[in-house]
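Have a look at the sequence and the picture first, and then read on.

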Amino acid sequence: MPVLVLVEARTRPEHTDTMIQGLARGLPGTRRAEGCRSIDVYLEEDGRTVVAVESWDSKDHYQSYLKWREESGALKAMDALLEAPLHIRFLSALDV
């Protein structure tokens, strides 16, 4: 079942540009990951909170992708830029 994934990353003030540059380098790989339908990234008005709105074929596809990013060391590198851990939410579409 398709799933919408919201990922919120609150950067340390001095690392926002580094985060955005890293996303620009890494997102092409994300978009090619099996099960990734789309991903758009936004910056909140505070200038520090990055929100990714992602569509995946299933939660399992996303979790496999996340495991790959963890094993590659990308998540650990990202953690150093963050003020708090990533906040990840999964949403399923309602047929209303």
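## A walk through the fold

Asp46 counts as partly exposed, with a relative accessibility of 37%. Here buried means under 20% relative accessible area, exposed means over 50%, and partly exposed lies in between, with a 1.4 Å probe and protein chains only. You can find Asp46 in the loop between strand 2 and strand 3. From Asp46 to Val5 there are 41 residues in sequence and 21 Å in space, C-alpha to C-alpha.

Before going on, a word on where this comes from. The model is predicted, so local features need pLDDT of at least 70 and side-chain atom pairs count only at pLDDT 80 or more, while totals for chains, interfaces and linings use all residues. Residues are numbered from 1 along each chain as its sequence is written, and side-chain values use heavy atoms, leaving out hydrogens and water.

Now step back to the whole protein. It has 3 helices and 4 strands, in the order β-α-β-β-α-α-β from the N terminus on. These elements are DSSP runs numbered from the N terminus: helices are H or I with at least four residues, and strands are E with at least two. The C-alpha atoms fill a box of roughly 40 × 30 × 20 Å along the principal axes. For 96 residues, a compact globule would have a radius of gyration near 12 Å, and the 13 Å of the protein agrees with that. This radius is taken over C-alpha atoms, and the globule rule is 2.2 Å times the number of residues to the power 0.38. Of the 96 residues, 33% count as buried.

How does strand 3 sit in the structure, enclosed or open? In strand 3 (residues 49-56), 7 of the 8 residues are buried, so this strand is largely enclosed by the rest of the structure. Strand 3 runs antiparallel to strand 1 (residues 3-10), with 8 bridges joining them. Two strands pair if DSSP finds at least two bridges between them. Here is one bridge from each pairing:

| Residue | Bridge partner in strand 3 |
|---|---|
| Glu8 | Val51 |
| Asp40 | Val53 |

Strand 2 and strand 3 form a hairpin with 5 residues between them. In the turn, Gly47 has a positive phi of about 75 degrees.

Next, look at Ser55, which lies in strand 3. Ser55 is buried, with a relative accessible area of 18%. Apart from neighbours within four places in sequence, Ser55 is in contact (heavy atoms within 4.5 Å) with Val3, Gly35, Cys36, Arg37 and Ser38.

Asp57 lies in the loop between strand 3 and helix 2 (59-72). Is Asp57 buried or partly exposed? With a relative accessible area of 29%, Asp57 is partly exposed. Again leaving aside neighbours within four places in sequence, its contacts are Met1, Pro2, Val3, Gly35 and Arg37. Asp57 and Ala33 are 24 residues apart along the chain, and their C-alpha atoms are separated by 11 Å.

Contacts across the sequence also show up in the protein as a whole: residues 24 or more positions apart account for 67% of the contacts with a separation of 6 or more.
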